[in-house]
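Have a look at the picture first, and then read on.

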Amino acid sequence: MRLDKLLTHLGVASRSGAREVLKAGRVRVNGEAVRDAAFQVAVDDKILLDGKLLDTRLSRHLLLYKIAGVLTAKEDNRQKTVMDLLPPEYTSLGCMPVGRLDKDTTGLLILTTDGELAHRLIAPERHVDKVYIATVDGCLSDADVEKFAKGIPLKDFTCLPAKLEILSPNLGRVTVREGKYHQIKRMFGAVGKPVTALHRLSFGPLALEDGMHPGDYRELTDDEIAALYAAAGLKHE
Ligand code: URA
């Protein structure tokens, strides 16, 4: 890849800005100052900007602890999105959210630069487990647990069997294997107990760990990336 293009992808600067950065001699490749925008870089080249080593990986996979009040979208003209919780390099690299959490839902959201991975993880036939904590208006009962286990009929489809565990009268942990629009809220609505707060604990092999706080994010480890590709039924090179 051309060096100016790579710098742009990494969010260092716009394409013309990257040329300026190069002209100013601020970039070194494998120890040599490079001013030529068309210089071809290889994946294992060590690239320094102002003496600082750049992370040149073009594919990235993140786990974000979504806060309430932001949209799960790549961009929006009016409202803040989950991308606003991350450094701008992730937008330049083309990171996208995997599936969607409602604006008022908190918790685990995966973001990736791999469109196929994102697509496969949310494909209806993949049945990747997602675990949510729902606070409801009402008292959860054993009858609700049974209805969830049987599959709640909604107006447009019947949900796959889901596991509901009652943590306290108005707090339930739900495990679902699908992810239709507003599904959890609709499931609880169908048993007459509207959701007042919703939080996602896990998605497939990934879970929020104790030390994470709302708004925190981190890159996935190699093992987590491999587990995610396996959950998507994809091979990871
Ligand atoms: N189900 C919902 O109803 N909302 C979410 O944000 C996620 C799952």
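## Where the ligand sits

A pocket is an open set of grid points, placed where a 1.4 Å probe fits, with protein on both sides within 12 Å along at least five of seven lines. A molecule sits in such a pocket if more than half of its atoms lie within 2 Å of the pocket's grid points. In this predicted model, the ligand is found in the largest pocket.

## How the protein is divided

Why does the ligand lie between domain 2 and domain 3? Both of these domains give residues to the shell around the ligand, so it lies between them.

## Who surrounds the ligand

Which residues surround the ligand? They are Leu-101, Asp-102, Thr-105, Tyr-132, His-182, Gln-183, Ile-184, Lys-185 and Leu-198. Sorted by class, this shell has four nonpolar, three polar and two charged residues. Helix 6 (residues 183–190) supplies the largest share of the shell, with three residues.

A nitrogen atom of the ligand, in turn, lies 3.2 Å from a polar backbone atom of Ile-184. How much of the ligand does the protein bury? Taken alone, the ligand exposes 230 Å², and the protein buries 95% of that.

## Two residues with positive phi

Now for a backbone detail. Most residues other than glycine have a negative phi. His-182, however, has a positive phi near 50 degrees, although this residue is not a glycine. His-182 is in the loop between strand 10 (171–176) and helix 6, and is also one of the residues surrounding the ligand.

Asp-50 is not a glycine either, and has a positive phi of about 50 degrees. You can find Asp-50 in the loop between strand 3 (47–49) and strand 4 (52–53).

Terms used. Residues are numbered from 1 along each chain as its sequence is written. This is a predicted model: local features need pLDDT of at least 70, side-chain atom pairs count only at pLDDT 80 or more; totals for chains, interfaces and linings use all residues. Side-chain values use heavy atoms; hydrogens and water are left out. A residue is near a molecule or strand if one of its heavy atoms lies within 4 Å of it. A polar contact is a pair of N or O atoms within 3.5 Å; within protein, one must be able to donate a hydrogen and the other to accept it, and residues adjacent in sequence count only if both atoms are side-chain atoms. Accessible areas come from the Shrake-Rupley method with a 1.4 Å probe; for residues, only the protein chains shown count as cover. On a 1 Å grid over the protein atoms alone, a cavity is a set of points where a 1.4 Å probe fits but cannot get out, and a pocket is an open set with protein on both sides within 12 Å along at least five of seven lines; lining residues have an atom within 4 Å of a point. Helices (H or I, at least four residues) and strands (E, at least two) are DSSP runs, numbered from the N terminus. Ala, Val, Leu, Ile, Met, Phe, Trp, Tyr, Cys and Pro count as nonpolar, Asp, Glu, Lys and Arg as charged, and the others, Gly among them, as polar. Domain bounds come from an automatic or database domain assignment.
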